[in-house]
Amino acid sequence: MKKKRKWLLLLLLFLLSAAAGLYAAAHSPEISGEAEAVQAADSEYIALTSRLTICSEYQLCGHVLEEEVEMPAAYVGLDKQQLRSQLGEISISKFSAQEVVLTRRFHCYCPEHLVAYLEEGTLGIYRTVAGSDEAELEERLAVSAENLSAAERRALRQGKVFSSMQAVREYARALRDRE
């Protein structure tokens, strides 16, 4: 009987201490300051001295290119909501009076990659223009489409990706050597 009372008393103490802990946690002040940070960000404004970083995310290769630019005069004095309303599809990754980071997403390869397409007996080599999803022709290399397998022709019609111009030239040379 004494053992039973002892266990009941220990269980009761445990439950009381758990309840006291929950009560204290529920009624304690915010430690992290997260709520204050959110309110502060809502009341902050962009200054002429604020740093602006533009991040370009290229989805096909996964690369992110960052560029620090001057703060446009049109953004000075705006709060986060006002800036958001002017940006369209560009997202705000970070916002404070000291720094603003904007992120653009593109469904293409970044400018570090080259994409080769088979175009009328030549390889058209294209590179994405930085900060856009537009590609411009870098160079044309002569190749013979007759020596290409069906799989190679299909791949080149869709665009074959290379990491350097040297790699493209070696590929084109290998295709010409088949002739």
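Q: How many bridges join β1 to β2, and do these run parallel or antiparallel?
A: Six bridges connect β1 and β2, and the two run antiparallel. Strands here are DSSP runs of E with at least two residues, while helices are runs of H or I with at least four residues, both numbered from the N terminus. Two strands count as paired if DSSP finds at least two bridges between them.

Q: What kind of model is this, and which cut-offs apply?
A: The model is predicted: local features need pLDDT of at least 70 and side-chain atom pairs count only at pLDDT 80 or more, whereas totals for chains, interfaces and linings use all residues. Residues are numbered from 1 along each chain as its sequence is written, and side-chain values use heavy atoms, with hydrogens and water left out.

Q: Back to β1 and β2. How many residues sit between them in the hairpin?
A: Five residues separate β1 from β2 there, and Gly62 in the turn has a positive phi of about 80°. Glu57 has Val64 in β2 as its bridge partner.

Q: What sheet do four strands form, and in what order?
A: The sheet is open, ordered β2-β1-β4-β3, with mixed pairing. Its edge strands are β2 (64–69) and β3 (91–95), each of which pairs on one side only. Neighbouring strands are turned by 20° against each other on average, direction ignored. Such angles are taken between axes, lines fitted to C-alpha atoms (for helices over the stretch in contact), and run from 0 to 180 degrees between N-to-C directions.

Q: In which sense do β1 and β4 pair?
A: Parallel, over eight bridges. Cys55 stands opposite Thr103 of β4.

Q: Is β1 mostly covered or mostly open?
A: Strand β1, residues 51–58, is mostly covered, with six of its eight residues buried. Buried means under 20% relative accessible area, exposed over 50%, and partly exposed in between, using a 1.4 Å probe and protein chains only.

Q: And β3 with β4: how many bridges join them?
A: Four bridges, with β3 running antiparallel to β4 (residues 99–106). The two form a hairpin with three residues between them.

Q: Which residue in β4 is the bridge partner of Ser91?
A: Thr103 is the partner of Ser91. Their C-alpha atoms are 5.2 Å apart, although Ser91 and Thr103 are 12 residues apart along the chain. Ser91 itself is found in β3 and counts as partly exposed because its relative accessibility is 25%.

Q: What does Ser91 touch, leaving out residues up to four places away in sequence?
A: Ser91 touches Val101, Leu102, Thr103 and Arg105. Contact means heavy atoms within 4.5 Å.

Q: Which helix lies across β3 and β4?
A: Helix α3, residues 80–87, and it runs at about 155° to β3.

Q: Changing topic: how far does α5 reach from its first C-alpha to its last?
A: Helix α5 (residues 165–177) has 13 residues and reaches 18 Å, close to the 18 Å expected at 1.5 Å a residue. The expected span is 1.5 Å times one less than the number of residues.

Q: Which residues in α5 are buried?
A: Met165, Val168, Tyr171, Ala172 and Leu175. Seen down the axis of α5, these buried residues fall within an arc of 125°, so they line one face of the helix. The arc is that of the directions from the helix axis to the C-beta atoms. Gln166 and Asp177, on the other side of α5, are exposed.

Q: What do the buried residues of α5 pack against?
A: They pack against β5 (114–119), β6 (122–128), β7 (135–142), α4 (150–158) and β8 (160–162).

Q: Where does Thr122 lie?
A: Thr122 lies in β6. At a relative accessible area of 18%, Thr122 is buried. Apart from neighbours within four places in sequence, Thr122 is in contact with Tyr117, Arg140, Leu141, Ala142 and Val143.

Q: For the chain overall, how many helices and strands are there?
A: The chain has five helices and eight strands, and 28% of its 179 residues count as buried. Among contacts with a separation of 6 or more, 53% are between residues 24 or more positions apart.
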